[in-house]
Amino acid sequence: MKVLITGATGMLGCDLCKEFSVAGDVTGLARGNRETKQCRASQLLAADITDRDGVARIVRKAKPDLVINAAALADVDFCELNPEEAFRINAEGAKNVADAAEGAGALFIQIGTDYVFDGEKGSAYTEDDKPNPVSVYGFSKLAADDYVRSNIGKYAIVRSSWMFGPCGKNFVDLVIESARKGGSIKAVGEKFGNPTYTADLTKAISGLSAKIRQGIAPSGIYNVSNEGVCSRYELAKEISGLCGLNAEIVSITAKDAGGPALRPKLSALDNTKVSKVLGYKLRHYKEALNDYLKTIKRR
Ligand SMILES: NC(=O)c1ccc[n+]([C@@H]2O[C@H](COP(=O)([O-])OP(=O)(O)OC[C@H]3O[C@@H](n4cnc5c(N)ncnc54)[C@H](OP(=O)(O)O)[C@@H]3O)[C@@H](O)[C@H]2O)c1
């Protein structure tokens, strides 16, 4: 199977290249701003997803069976301050990749986010819940989801949340780094979501894409996150306990944390739909976190 993955040097994209290179020929696309040595793609090409013609040319030549768009401007606060750039990459860029995939007859997978929701539902969001973003990032990602749903034939929008993994700086790494430097760690205690390990997410994406390609599962939106809900404060406590860190962890409000973008209060995802397709539930985030910590200890 031939797979093309954008954002191939990003936290998720890099792990996707690893997962799909086990059984397929992977072409990775990256802008070239990051370290490439962890990327396991058979070939890594330079491309900006906002270059519509360039992306179409590469996809035509690669003739992939599956295209995954993991490229995005994922810094929520940066998006808030730079809305044009956010929409250019997260909405227009995604559209370019989706159209190129459709043109090549490939299955298209768009990586989506829990931040399309306002977090006011009071319980986990299903795929049928109506999005209502509270940030530029959320709006720009929702624009991509809406385009894909209306214009692409064979697709999955995989909505995930609060990722951690070995290929990118993430909250888990930041907690460990801050604790080692000494001093207290401040983490928001009033916003809740599902921390998700990229290794578990990529396995699920691999399983889901196979089912859609075989016609066993339909195109559509799929929530995919690890089980278990917590705040960043609770997550920091968990990390601290598992790593035996000796740092004081302080719960703060989102207002105290600063940052221009609003975040949803409770953006947990209900994974029932994907669990039925895969035949298993993703494990609890605490178990996944434990595995991740063992992996980074070995580095
Ligand atoms: N991180 C999370 O907690 C989280 C949660 C939910 C959903 N998501 C979604 O998951 C996906 C992956 O996120 P991530 O955390 O892996 O992000 P990331 O580590 O920041 O990686 C994003 C990748 O996109 C690339 N990229 C950005 N702009 C590009 C452009 N114009 N053309 C080509 N490539 C471009 C970046 O390359 P350069 O650095 O070289 O520019 C980078 O490789 C995104 O769709 C994000 O919205 C993330």
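Tutor: Helices here are DSSP runs of H or I with at least four residues (strands are E runs of at least two), numbered from the N terminus, and an axis is a line fitted to C-alpha atoms over the stretch in contact, with angles from 0 to 180 degrees between N-to-C directions. The model is predicted, with local features needing pLDDT of at least 70 and side-chain atom pairs pLDDT 80 or more, while totals for chains, interfaces and linings use all residues. Residues are numbered from 1 along each chain as its sequence is written.

Helix H6 (residues 171–181) and helix H8 (residues 232–243) have axes that come within 10 Å and cross at roughly 60°, which makes H6 oblique to H8 (under 35 degrees is roughly parallel, over 145 roughly antiparallel, 65 to 115 roughly perpendicular, the rest oblique). Their crossing is right-handed, meaning that the near helix is turned clockwise from the far one by less than a right angle. From H6, Phe 171, Val 172, Val 175, Ile 176 and Ala 179 take part, and H8 supplies Arg 232, Leu 235, Ala 236, Ile 239, Ser 240 and Cys 243, where contact means C-beta atoms, placed from the backbone, within 7 Å. By class, nine of these residues are nonpolar, one is polar and one is charged (nonpolar: Ala, Val, Leu, Ile, Met, Phe, Trp, Tyr, Cys, Pro; charged: Asp, Glu, Lys, Arg; polar: the others, Gly among them).

Elsewhere, helix H1 (residues 11–21) packs on helix H7 (residues 198–213) at about 55°, with axes 9 Å apart, so H1 is oblique to H7. This crossing is right-handed.

Technical notes:
Contact = placed C-beta atoms within 7 Å.
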